Amino acid sequence: MMQLKNFLLLLLLLPFFLFPRPVHAGDLAIGLEDGWIWQVAVLPPSDGWESERGKSALGAVRYAEWKVKDSADGVAGRDIRFLKEEPLSRDDAEERVARWRENGIAAVLSLGGTEDISLLRPLLGKSGPVFLSAYGEGGDITEGGVPLPMMFALDLYRDFRIAAFAEYAKRTLGPGSGVAILGDRLDPSLERFARNLGDMLSSFGYSVSRFWLPGAGMDSFRMIEAEAISEGASVLVSWAGSMVVRDIWRAVRRKEGVFRIWYGGEPLRLLLSFNGIVVADQDVPLGRDRSFVTLGREIWRRTRTVVKDASAAGRAYAACEWIFEGFRRAGSKDPGPLANAMRAVSDTALGSSTFSVNPATHRPFARETAILEVENRTFRPVDFFQVKGPEYLP
């Protein structure tokens, strides 16, 4: 009988050991007033909290929160409370920032894309709270070539593809091979990407020809294609849009000995009908990281959240760890000390690899990159390697 009573008591107590005790409103108010709880606002992915990505990322955030609460020392002696926020909009962004400041929010973690960056960059980039995007490839977090003091991102900026294509050229092209580069003089970023890649490849001994996006329609494209072929280009790297790439692919796909096409943009689904197009991506390596499977199991064990998007969960967890390390180094939730500490974070886990923050960019120094080739309506990985973010800024 005594054994049965002990067994029933154990069943009653088991949830208290398996799951973190929620912070109730009264506890939160006392913790904020006494200073032993620091708050971080969390913005959802673009497809919302109820999406697979949203649920997986939020599960990782709650797991990170639980680990701090369960530890003896917390983070700099404090608990961290992540506040689940509704999506940001252009209409309410200013009011939301004012409310965060009024409520003593120490940092804002975005699990979304570039929209959060573009909305919040002018509002909190210089005065806080500190902002960290768990993505951020396409978002500009700089002003006048210098990163805004309160803005950070886990992704390398989109010009990481300059270094990725340069490395892939060294791995696949013969000495002195011809490379044609197509850019757009009307877009300062794309003009710079084309110029910098050409300079880099020329320094490696490749024969580089630069072409610029024409304004005279398909006849001009045909002139570029013909000239690139006549010059013996092995590859055409296009920094123009996906429509341009598809038009060039259609024009040359049946010609013998024609150049291959490398596209300098994201691996968009609309490219899947165009076999042979090559792109570079920094998200695919995360999707293949088996350590995120273990992370997913831990998230399920502690929060009962099913992780269906392991990459989203891994990014969210790494972003939480970046913020935690910033708090530890700063010993403060004030924007200035915290931002300075966030710039100095090093050796933080991102799955089975680690990253250190480049203080000149407010992004990691390097990330693993995948080279993908379109084949039978899929992006097939053909190579993986580390790529450093450029020392210059957009």
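Start by selecting Phe193: beyond its neighbours within four places in sequence, Phe193 is in contact (heavy atoms within 4.5 Å) with Tyr157, Arg158, Asp159, Ile162 and Trp239. Before going further, note that this is a predicted model, in which local features need pLDDT of at least 70 and side-chain atom pairs count only at pLDDT 80 or more, while totals for chains, interfaces and linings use all residues. Residues are numbered from 1 along each chain as its sequence is written, and side-chain values use heavy atoms, with hydrogens and water left out.

Stay on Phe193 for a moment. Phe193 sits in helix H7 (residues 188-203); helices here are DSSP runs of H or I with at least four residues, strands are runs of E with at least two, and both are numbered from the N terminus. Phe193 is buried, with a relative accessible area of 1%; buried means under 20% relative accessible area, exposed over 50%, and partly exposed in between, using a 1.4 Å probe and protein chains only.

Next stop, helix H4, residues 93-102. Colour Ala93, Arg96, Val97 and Trp100, which are buried. They lie on the same side of H4 because they cover an arc of only 100° around the axis, the arc being that of the directions from the helix axis to the C-beta atoms. Show what they pack against: strand S1 (37-43), strand S3 (107-110) and helix H5 (114-124). Following H4 comes Gly104, with a positive phi near 75°.

Now jump to H12 (residues 310-330) and H13 (residues 335-342), whose axes come within 8 Å and cross at roughly 115°. Those axes are lines fitted to C-alpha atoms over the stretch in contact, and angles run from 0 to 180 degrees between N-to-C directions. To see the contact, select Trp322, Ile323, Gly326, Phe327, Arg329 and Ala330 in H12, which meet Pro337, Leu338, Ala341 and Met342 in H13. The residues of this contact divide into eight nonpolar, one polar and one charged; Ala, Val, Leu, Ile, Met, Phe, Trp, Tyr, Cys and Pro count as nonpolar, Asp, Glu, Lys and Arg as charged, and the others, Gly among them, as polar.

Finally, zoom out to the whole protein chain, with its 13 helices and 18 strands. Of its 394 residues, 49% count as buried.
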